[in-house]
Protein chains: 2
Amino acid sequence: MIRRHPLAEQAAEELLRRIGSGEWALGAKLPGETTLAAQLGVGRSTIREAVRELAGRRVLESRQGAGVFVIGHQAAEDWDQVLRRADITDVLEGRMAIETEAARLAASRRTPADLKSFRYTLKDRLDASEKSPDDWYVEADLAFHRALVTAAHNTVLSELFDAFVPRIRTTMLDMLRLDDQHRHRHDQAAHVAIADAVRDRDPELAAGRCREHLAAVRSSVA
Amino acid sequence: MIRRHPLAEQAAEELLRRIGSGEWALGAKLPGETTLAAQLGVGRSTIREAVRELAGRRVLESRQGAGVFVIGHQAAEDWDQVLRRADITDVLEGRMAIETEAARLAASRRTPADLKSFRYTLKDRLDASEKSPDDWYVEADLAFHRALVTAAHNTVLSELFDAFVPRIRTTMLDMLRLDDQHRHRHDQAAHVAIADAVRDRDPELAAGRCREHLAAVRSSVA
DNA sequence: CGATCCAACTCCTCAGACAAGCTGAGAACC
DNA sequence: GGTTCTCAGCTTGTCTGAGGAGTTGGATCG
């Protein structure tokens, strides 16, 4: 499906290109709207929309009466995009970094509420692994991993994990569509084992089992 | 410094709020520009700028002739913002997750070019630790850690690390300003030890030493 | 029933007008 | 001389009206 970009978007790309080329350094003031409009051969409102779009991406900032200023060299990373482009092996290794560390921390910090989450999500996952459609199973699996990360009680790790979720979800669905050997009891056992290690407050064991599980996933897709 | 938000920004916030509240589901079509303008009591161009801002944040998408549609439940995470808001301990634990995994992978994948980077950056770091101003030392330290992550040859880990760099930089500078006990030889020795473990292709040792080093940093700020 | 046409709706772009806010130069004052 | 005040000239912010371009769904026709 082709898609012609509106002028405002083209103008935004052009501005981004010029910023990237160093024409305007960080903190520099862009020419006025009327000047830019004349330069690019478009109307002032078009320039305004282009600037507004880049403002939304944290590249520009406009102050009434003063001007438009560069506040970021490049567009704020769109993680969804980055992860979608990245190799699946790289993504899994990123996930491994986050989740094994989360498992380690969870083993020290888990609360009774966290353990309850484990019980519920593991039960859902077991139920879903037997008869539910693929997407239910995927959501149940993600719910357990989410609970594990939550138990680490670290906002940064939680946000990192959330950034990975969309990519993990689509990949799992693709894999299940091709072959469904992945939804085996062995898998459930591995998840239970991680939860047990966290419950028993054994950081090294929890991290090790988590790493082992994700390494198995990695080798199954490679 | 106070700052009154322009109407267009307020309108964008309002739209984001309504999307978050479930008024418009993912994929739903928003009312037309004129309708929205009347609802919020602003002009059409103001609504257009608000929509354009959310389009830049990958929340909305407008198609000429069709309408404006929701393509994301929430604004794409601005990582710089998230990390700046997060607790420093949480940030360091996130860094620990990324770098120890990177060290582990680097031990398996490091190339001769990677080893050369280690030598150069370690030398720079040693020089800077003795007489250079704070910001030079910080950059030299970051350069070594960047080289370590690069040696993992994983794009996701590299991008994750880059997202952390600005926050790490400002934190280190703040700490050095308060007391400069941190720039001790012990520190340099720890860095050399990590590089050696990577050079000797020992994943567990590299990861362990990396974890140890970052844990020391964590306890020094807590 | 299927293909075609078309009217109504949508967003896209422009131009012009005025309001609101910032900045720097020069006047006025101490 | 140094400080404060004032204001003209810039900037962005907002609204309106007009037309252009694309999409959609229903009416019409074969």
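Which residues does B:T155 touch, not counting residues up to four places away in sequence? B:T155 touches A:A86 and A:D90, where two residues are in contact if their C-beta atoms, placed from the backbone, lie within 7 Å.

This is a predicted model, in which local features need pLDDT of at least 70 and side-chain atom pairs count only at pLDDT 80 or more, while totals for chains, interfaces and linings use all residues. Residues are numbered from 1 along each chain as its sequence is written, and chains are lettered from A and ligands numbered from 1 in the order in which they are written.

**Stop 1**

Select B:T155, which sits in helix α8 of chain B. Helices (H or I, at least four residues) and strands (E, at least two) are DSSP runs, numbered from the N terminus. B:T155 is partly exposed, because 17 other C-beta atoms lie within 10 Å. On this scale a residue is buried if 20 or more other C-beta atoms lie within 10 Å of its own, exposed if 12 or fewer, and partly exposed in between, with C-beta atoms placed from the backbone.

Next, show both chains. The contact between them takes 37 residues from chain B and 37 residues from chain A. On the chain B side, α3, α4 (79-85), α5 (88-109) and α8 give two or more residues each. α5(B) provides the largest share, nine residues. By class, this side of chain B divides into 18 nonpolar, six polar and 13 charged residues. Ala, Val, Leu, Ile, Met, Phe, Trp, Tyr, Cys and Pro count as nonpolar, Asp, Glu, Lys and Arg as charged, and the others, Gly among them, as polar.

**Stop 1: DNA strand C**

Select DNA strand C and the 20 residues that surround it. A residue is near a molecule or strand if its C-beta atom, placed from the backbone, lies within 6 Å of it. The closest are A:P6, A:L7, A:G43, A:T46 and A:G65. α1 (7-20) and α3 (44-56) of chain A, together with β2 (67-70) of chain B, each supply at least two residues of this surface. Its residues divide into six nonpolar, 10 polar and four charged.

**Stop 2: DNA strand D**

Move to DNA strand D, which has 21 residues around it. Of these, A:G32, B:L7, B:G43, B:T46 and B:G65 come nearest. At least two residues each come from α3 and β2 of chain A and from α1 (7-20) and α3 (44-56) of chain B. α3(B) gives the most to this surface, with three residues. The surface near DNA strand D has six nonpolar, 11 polar and four charged residues.

**Stop 3: two crossing helices in chain A**

Select α2 (residues 33-40) and α3 of chain A. Their axes come within 8 Å and cross at roughly 105°. Axes are lines fitted to C-alpha atoms, for helices over the stretch in contact, and angles run from 0 to 180 degrees between N-to-C directions. To see the contact, show A:E33, A:T34, A:L36 and A:A37 of α2(A) with A:R44, A:I47 and A:R48 of α3(A). By class, three of the contact residues are nonpolar, one is polar and three are charged.

**Stop 4: the hairpins**

In chain A, select β1 (residues 60-63) and β2, which pair in the antiparallel sense over four bridges. Two strands pair if DSSP finds at least two bridges between them. A:E61 has A:F69 in β2(A) as its bridge partner. β2(A) has a covered face, A:V68 and A:V70, and an uncovered one, A:G67 and A:F69. Three residues lie between the strands of this hairpin, where A:G65 takes a positive phi near 85°.

In chain B, β1 (residues 60-63) and β2 also pair in the antiparallel sense over four bridges. Here B:L60 is bridged to B:V70. The hairpin has three residues between its strands, and B:G65 in the turn has a positive phi of about 85°.

**Stop 5: positive phi in two loops**

Most residues other than glycine have a negative phi. Select A:R201, in the loop between α9 (185-199) and α10 (203-221) of chain A. A:R201 has a positive phi, near 55°. A:R201 is partly exposed, with 13 other C-beta atoms within 10 Å.

Finish at B:H153, in the loop between α7 (134-150) and α8 (155-178) of chain B. Phi of B:H153 is positive, near 50°. B:H153 is partly exposed, with 18 other C-beta atoms within 10 Å.
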